[in-house]
Amino acid sequence: MSIAFLGPAGTFTESALRQIEPDPAHHLPVASVPAALAAVRDGRAASAVVPIENSVEGGVTATLDALAEGTELRICAEMLVPIRFALVALRPMELAQVRAVATHSHAWAQVRGWVQENMPEVEYIPASSTAAGALGLLASGESAGYDAAICSPAILAAHPELTVLADDIGDNRAAVTRFVQVAEPGEQLPERTGSDRTTLVIPLWSDRAGALLEILEQFSTRGVNLSRIESRPTGASLGDYFFSVDLDGHILDERVSEAVVGLRRICPTTRFLGSYPRAEQGVTEVEGRHTDGAFRQARDWVQQLREGR
Ligand SMILES: O=C(O)C(=O)C[C@]1(C(=O)O)C=C[C@@H](O)C=C1
């Protein structure tokens with residue numbers, strides 16, 4: 001079965017997808033992140049690849065929100081894609097001649113400085129993806145409603161008829177986006193590698209003082225490092241938030257499972273979105289008192305006490 005992704009071909013998401021499935025015959029392009037997750041939920045796709053975090057813009061809110069609601073899905077893999085943007089048009093033109101430019105909102109946010117400096121008067125036209133903006137130019141020409149698009153230079157391989165007006169225009173040249181592959185729960189958990197990530201959704205169950213501290217303590221007392229924590233409105237009412245959290249470690253690590261038990265006791269609607277290998281190389285450092293062995297030893301000791309020994 002195919003893998004759904006934010007299409008069309010030529011998006012950064014497609015570059016991420018190619019890392020795990022190079023054959024386009026197995027790719028199912030869709031128009032949005034919620035549509036990609038819906039394709040998994042209704043069985044049209046075996047899994048989906050969606051962006052989750054950008055090193056410049058932070059969490060991809062469309063993904064965080066769509067994973068936090070609806071039936072539970074599980075992240076089973078992650079991929080990193082270096083982000084480089086090109087400004088393309090149908091013909092060579094001066095930057096001053098460009099009146100409107102289309103791209104994805106996340107891409108727009110990452111070229112703001114360059115645009116301000118080089119095309120301060122240009123109008124921004126939102127597109128469902130970077131590739132959709134570029135292909136819209138090719139499909140509709142002058143009547144597209146814009147005369148340039150900001151997209152991945154990868155699109156030029158399939159569409160050499162596009163003219164590059166400017167390349168490498170990102171405000172941060174080291175920008176990277178992290179993508180995740182998401183499937184239905186029920187598949188086996190990805191194996192523990194020693195360099196894993198776990199993603200959780202934690203609805204803030206109370207707005208009393210110290211509620212967030214109580215959540216964080218579950219992790220800190222077990223030596224679990226959080227690599228991302230973001231609050232998102234649930235949409236139910238003002239002040240009603242959930243936290244989207246990434247932590248270093250696997251649910252099969254004792255320190256992580258103990259932290260999740262503690263969390264679930266104080267926040268019974270905590271959602272587990274999966275444990276999966278980190279894309280970056282390296283091993284998660286764990287202090288002696290937080291290793292699996294230390295947890296087991298302490299538990300065995302308590303067990304003996306409970307047995308009256
Ligand atoms: O529009 C695309 O090409 C995408 O794959 C989406 C997306 C995103 O949503 O962040 C992916 C990476 C870039 O940071 C910009 C846009």
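How many helices and strands does the chain have? In this predicted model, the chain has 10 helices and 15 strands.

**View 1. The whole chain and its extent.** Let's start with the overall picture: along its principal axes, the C-alpha trace spans about 85 × 45 × 35 Å. Of the 309 residues in the chain, 46% are buried. The chain exposes about 14,900 Å², with carbon and sulfur atoms supplying 52% of that area. Among contacts between residues at least 6 apart in sequence, 74% join residues at least 24 apart.

**View 2. The division into domains.** Domain 1 is made of two stretches, 1-83 and 175-187. Domain 2 covers 86-166, and domain 3 covers 188-308. Between the C-alpha centres of domain 2 and domain 3 there are 42 Å.

**View 3. Helix H9 beside helix H10.** Here you can follow H9 (residues 254-266) and H10 (residues 292-306), whose axes come within 8 Å and cross at roughly 60°. From H9, the contact draws on Glu-254, Arg-255 and Glu-258; H10 brings Asp-292, Phe-295, Arg-296 and Arg-299. Sorted by class, this contact of H9 with H10 has 6 charged residues, 1 nonpolar residue and no polar ones.

View 4. His-106 sits in helix H4, which runs over residues 105-110. Is His-106 buried or exposed? His-106 counts as buried because its relative accessibility is 18%, and the cut-off for buried is under 20%. Leaving aside residues up to four places away in sequence, His-106 touches Asn-54, Glu-57, Gly-58, Gly-59 and Val-60.

Definitions and conventions
Residues are numbered from 1 along each chain as its sequence is written. This is a predicted model: local features need pLDDT of at least 70, side-chain atom pairs count only at pLDDT 80 or more; totals for chains, interfaces and linings use all residues. Side-chain values use heavy atoms; hydrogens and water are left out. Domain bounds come from an automatic or database domain assignment. Axes are lines fitted to C-alpha atoms, for helices over the stretch in contact, and angles run from 0 to 180 degrees between N-to-C directions. Helices (H or I, at least four residues) and strands (E, at least two) are DSSP runs, numbered from the N terminus. Contact means heavy atoms within 4.5 Å. Ala, Val, Leu, Ile, Met, Phe, Trp, Tyr, Cys and Pro count as nonpolar, Asp, Glu, Lys and Arg as charged, and the others, Gly among them, as polar. Buried means under 20% relative accessible area, exposed over 50%, partly exposed in between (1.4 Å probe, protein chains only). Accessible areas come from the Shrake-Rupley method with a 1.4 Å probe; for residues, only the protein chains shown count as cover.
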